2 protein chains.
Amino acid sequence: MAEDFKVTPWEVTGDIDYDRLQQQFGTAPIDDALKQRLSRYGPLHFMINRGIFYSHRDLVQILDRYDNGGRFVLYTGRGPSGNTHLGHLMPWIFNKWVQDTFGTEMLFQMTDDEKFLFKEKLDLTDTSAMAYENALDFIALGFDPKKTRIILNTKNIDVLYPIALRVSKKVTFSTAKAVFGFDDSTHIGQIFYTTLQSVPAFLPTEECGEQIPVLIPCGIDQDPHFRVTRDVAPGLGYPKPSQIYCKMFPALSGADKMSSSDENATIYTTDSPKTVKKKVGRAFTGGCVSVEEQRQKGGSPEVCAVFKYFYYLFEKDDARINETAEKCRSGAILCGECKACLTEKINVFLETHQEKREKAKDVIADMAYNGFKW
Amino acid sequence: MAEDFKVTPWEVTGDIDYDRLQQQFGTAPIDDALKQRLSRYGPLHFMINRGIFYSHRDLVQILDRYDNGGRFVLYTGRGPSGNTHLGHLMPWIFNKWVQDTFGTEMLFQMTDDEKFLFKEKLDLTDTSAMAYENALDFIALGFDPKKTRIILNTKNIDVLYPIALRVSKKVTFSTAKAVFGFDDSTHIGQIFYTTLQSVPAFLPTEECGEQIPVLIPCGIDQDPHFRVTRDVAPGLGYPKPSQIYCKMFPALSGADKMSSSDENATIYTTDSPKTVKKKVGRAFTGGCVSVEEQRQKGGSPEVCAVFKYFYYLFEKDDARINETAEKCRSGAILCGECKACLTEKINVFLETHQEKREKAKDVIADMAYNGFKW
């Protein structure tokens, strides 16, 4: 059966059926029992509650370990191919909650090599420069500077390479083809790259000389990499990493993933209030063609990009988000009101974020893994 | 037509037809005109004269550049999979002659990553340790410490990786398959590795900010790597490297390449006089089954491993090597005499070499590329 959507670490297209994707990838749902268990550690994060972080591998093992006094390390990352947009912040905000809730150390990997290899037009100088800008946004979210280290692949390659080599010796081209859909025209840098994304999962064990598993909260599009990581781990003497996966942050155009390639459907963390207003103003909604019709028939929050922005990031209160949905369906509010409200919320958030982003410049050097020079 | 020999960077088997290999690879012969030209720079090296270094790519361009006052850099290397044997020294001795004759700087690359990737049983700690031992032998040959830098891939990966990435973006799996004979069962480290072997060819240009070509004197089995290097060079803004290739140093068993895997047919630089005597004593020769028969029919220096050792390394005097061949063919000398003579020559060489090898420990740190710690 031909798929009507495609999700790989480098391409997300079509109308994603997240349940079907979970089946394809073989990940487990975060069901009510698991949600209940998670709520024991503190107030449940709205992204868990709403099924935004919806799927996992071996999360239970990590929690069991934690309950028994064992520690784990958080690992997530960013492929620095452009400016940071709101979609990038979403899983990072969740990571921050995990760090705060479990008091974990965190490794943040910036894959400047990957983006050079997979983006035809980017040079390494571009991706390294973007890594710096993206890191400022990451830091601005408030990660504990004492517990958080930022890896930049080309700068930390001295540590990463020997482990990447060990990974590479366990992965045939056959496997890489099956997992990533490569073919003979794929270049050899792309083929090798996945090894680098495995390494941070093994670094805590390598550094401590004892088995320290990692938990990786990230987009489910990254699962192919971590399937490889999990497959090779036992043979290399490392614990398998656990994953907790989120859905893709929507674009303002209504498409499934906010992409840096469509600038008008993407809100960057450095956008001005005026730009935000303009972009939200042009967003795809679930409204009707006329005010009269909408008052009568109501709108469809299910397909509305503005509503999704509230749902994914800007309205954490469940009662209020339900109220908004109700009002939309009944025709009590119009798209213009929602857009004004979202614009306001985004601009309030960005004003503070941009200040913190400036202050991040003072600590970014301290958070560089092994003290590399940015 | 099925080949009766196979030459790749990782496997040399069968009875090599060097002329045919040259045709297969598309390299050019070092003909009389080129020999004559080379003799202008100083006494012609016996390895050129005897056709041991017998094939090249763009050697003329390097000489033209030199004649016009331009400089080039020497680049050769070693895959540290075991102790150094006499076969490894042969091309290094030639490199030393080139350095002395043209006053060139030299880059010596130790591919500990390669040997880890291509030898099932070796770990990186093994190959790094062997790299140190091999480097001592290289230094013992007398390379100018001020003009010679030793690269160890895992230690210098910070400099090598960004350039390797650029190379990798220009090489598809299709190309790697065609050049190296890879297939779907090849692991992704092996597929990527060739990029690392390209890098030193581009380092002088990268370091100086102007086009500095390299000349690579090495075994012809390495040509597949350098075909890739030459193909990608123009697209990356680097000059194509030139190569000068030698035949494989023979084994004492009479096989085509001295291999570390057959310890008894291999003389290591650290062997004792007694061990050398024993190994040479067991060497394959072109002699007859009895003394009487040999006195009558004579021997065959063409197939004799002992004679080849004289020819390739231990008898530089053309008159004397011809005399030895004559005496063998006429039955005037017996295999025992040749073996005693070769044993003596090897042991005299090794006595001095082993002393220099010890002294190399005092300078090895100074020759480490970018000052890496061994």
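This is a predicted model: local features need pLDDT of at least 70, side-chain atom pairs count only at pLDDT 80 or more; totals for chains, interfaces and linings use all residues.
Biologist: In what order do the strands of the open sheet in chain B run?

Modeller: The order is S3-S4-S9-S8-S5-S6-S7, seven strands in chain B with mixed pairing.

Biologist: Which strands of chain B stand at the edges?

Modeller: Strand S3 (28–29) and strand S7 (148–152) of chain B do; each has a single partner strand, so one side of each lacks a neighbour in the sheet.

Biologist: In which sense do strands S8 and S9 of chain B pair?

Modeller: Strand S8 (residues 214–219) and strand S9 (residues 242–246) of chain B are paired in the parallel sense, over five bridges.

Biologist: Now the interface. How many residues of each chain are in contact?

Modeller: In general, interface size is often quoted as the accessible area lost when the parts come together. Here I give contacts: 27 residues of chain A meet 27 residues of chain B. On the chain A side, the elements giving two or more residues are helices H6 (112–118), H8 (157–168), H9 (173–180) and H10 (188–208). H8(A) supplies the largest share, six residues. By residue class, the chain A side has 13 nonpolar, nine polar and five charged residues.

Biologist: What rotation superposes chain A on chain B?

Modeller: A rotation of 180°, with 0.0 Å of shift along its axis and an RMSD of 0.0 Å. The two copies are therefore related as by a two-fold rotation axis. Both copies use the same surface, since 100% of the contact residues of chain A recur in chain B.

How values were computed
Residues are numbered from 1 along each chain as its sequence is written. Chains are lettered from A and ligands numbered from 1 in the order in which they are written. Two strands pair if DSSP finds at least two bridges between them. Helices (H or I, at least four residues) and strands (E, at least two) are DSSP runs, numbered from the N terminus. Two residues are in contact if their C-beta atoms, placed from the backbone, lie within 7 Å. Ala, Val, Leu, Ile, Met, Phe, Trp, Tyr, Cys and Pro count as nonpolar, Asp, Glu, Lys and Arg as charged, and the others, Gly among them, as polar. Copies are superposed by least squares on the C-alpha atoms of residues with pLDDT of at least 70 in both.
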